[in-house]
Amino acid sequence: MQYDFIKLEHRLKKELDEDRYQHTLGVMFTASALAMCHGGDIQQAECAGLLHDCAKCIPNDKKLKMCEEYGIEVTPTERKAQFLLHSKLGAYLAKAQYGIEDEEILSAIRWHTTGRPNMSRLEKIIFIADYIEPRRNKAEHLPEIRQLAFQDLNQTVLRILEDTLHYLDRGKGEVDEMSRSAFRYYYNLFGNPDDKGRSLTE
Ligand code: FE
Ligand code: FE
């Protein structure tokens, strides 16, 4: 599928603040590099990367209202931490406003914040690219995770989920149950039973 990236970028630039737009470009380029490395579809990865945060700059109360209006289900956790809604709403808007029909892209946008068990390659690529893109600098272990991303997608997803849950469990934010399920799934399949990650599965 060919996408009109110039048009998509032009539109997004109006929807996002400058920092978010720069992050978006970082995710797009990183996702395309990961697709090159791991044998994914490059255009699909670029498109999903470009649109993944398309709903991010909508004010939280408006996000909630839009979800109600479009019949998008809002969980109690999302009601408490409304920024989580930007993934669901983003997937909806990518289709309704940006004309993206590819369900794999929409799903990668849908799950980019929490992850989920048994992600597709594209879902993993976007989840990872969002975490490691060049402008990110706050997370722990970024240099190792960036290297690992170009070696093994599953190990990288596990590592990111583990670090994210540790961070959130220290009281830094709301944990979505889906992130825990995703962690358990990747830990059971790809984790090392001797490491500290085990405590998180309980
Ligand atoms: Fe996001
Ligand atoms: Fe993002």
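**Entry 1: the iron site**

I looked up the iron ion (ligand 2) and found its protein donors, which lie 2.2 Å from it, to be His23 (NE2), His52 (NE2), Asp53 (OD) and Asp130 (OD). Donors are N, O and S atoms within 2.8 Å of the metal (3.2 Å for Na, K and Ca), and water is not among the atoms, so sites may look incomplete. I note that this is a predicted model, in which local features need pLDDT of at least 70, side-chain atom pairs count only at pLDDT 80 or more, and totals for chains, interfaces and linings use all residues. Residues are numbered from 1 along each chain as its sequence is written, chains are lettered from A and ligands numbered from 1 in the order in which they are written, and side-chain values use heavy atoms, with hydrogens and water left out.

I read the sequence spacing of the donor residues as H-x28-H-D-x76-D. Asp53 coordinates both this ion and the iron ion (ligand 1), and the two ions are 3.3 Å apart. Because His23 lies in helix α2 (residues 18-38) and Asp130 in helix α8, the pair ties together parts that are 107 residues apart in sequence. Helices are DSSP runs (H or I, at least four residues), numbered from the N terminus.

**Entry 2: helices α7 and α8**

I then turned to helix α7 (residues 103-110) and helix α8 (residues 121-132), whose axes (lines fitted to C-alpha atoms over the stretch in contact) are 9 Å apart at an angle of about 40 degrees. I recorded the contact (heavy atoms within 4.5 Å) as made by Glu104, Ile105, Ser107 and Ala108 of α7 with Leu122, Glu123 and Ile126 of α8.

Methods:
Axes are lines fitted to C-alpha atoms, for helices over the stretch in contact, and angles run from 0 to 180 degrees between N-to-C directions. Helices (H or I, at least four residues) and strands (E, at least two) are DSSP runs, numbered from the N terminus.
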